[in-house]
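Biologist: Hi! Could you walk me through this one?
Modeller: Happy to, let's bring it up.

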Amino acid sequence: MIHNMNLNNEPFELIKSGSKTIELRLNDEKRRILNVGDEILFNNRSNNETLLTSIVGLHKYNSFKSLYKDFDKVSLGYREDEISDPSDMNKYYSEEDEEKYGVVGIELKLK
């Protein structure tokens with residue numbers, strides 16, 4: 001199955017380069033239908049470029065804070081010289097939604 005997801009330019013480029021291998025999302029109804037082996041077609045919101053990836057792992061947690069503890073910051077989309085902070089996800093998702101749905105780290109491989 002192929003799923004479509006939109007991404008801002010920076011995370012899109014990091015996935016495209018192969019450095020970001022974990023896409024962070026709420027584990028809402030849309031993400032609960034994802035399965036290992038499915039594909040995700042990412043659309044770059046800035047220029048409509050697309051990128052096809054395969055799901056190689058689904059890592060479910062109650063919070064981004066818990067998820068961040070288990071993964072290297074570069075795999076989550078940070079540079080080596082940046083500080084990774086789970087509260088960065090608050091610009092995309094509310095704390096209420098995080099508590100309601102939980103979160104998922106979608107482990108990706110480029111096609």
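Biologist: How many helices and strands are there in the protein chain?
Modeller: The protein chain has four helices and five strands; these are DSSP runs, with helices being H or I of at least four residues and strands E of at least two, numbered from the N terminus. This is a predicted model, where local features need pLDDT of at least 70 and side-chain atom pairs count only at pLDDT 80 or more, while totals for chains, interfaces and linings use all residues. Residues are numbered from 1 along each chain as its sequence is written, and side-chain values use heavy atoms, leaving out hydrogens and water.

Biologist: And which pattern does the chain follow along the sequence?
Modeller: Reading along the sequence gives β-α-β-α-β-β-α-α-β.

Biologist: Okay, new topic: where is Asn44 found?
Modeller: Asn44 is in strand 3, which covers residues 39–44.

Biologist: Is Asn44 buried or exposed?
Modeller: Asn44 is buried, with a relative accessible area of 0%. Buried means under 20% relative accessible area, exposed over 50% and partly exposed in between, using a 1.4 Å probe and protein chains only.

Biologist: What does Asn44 touch?
Modeller: Leaving aside residues up to four places away in sequence, Asn44 touches Leu7, Asn8, Asn9, Phe12, Glu13 and Glu49. Contact here means heavy atoms within 4.5 Å.

Biologist: Which side chain has a polar contact with that of Asn44?
Modeller: The side chain of Asn9, at 2.8 Å. A polar contact is a pair of N or O atoms within 3.5 Å; within protein, one must be able to donate a hydrogen and the other to accept it, and residues adjacent in sequence count only if both atoms are side-chain atoms.
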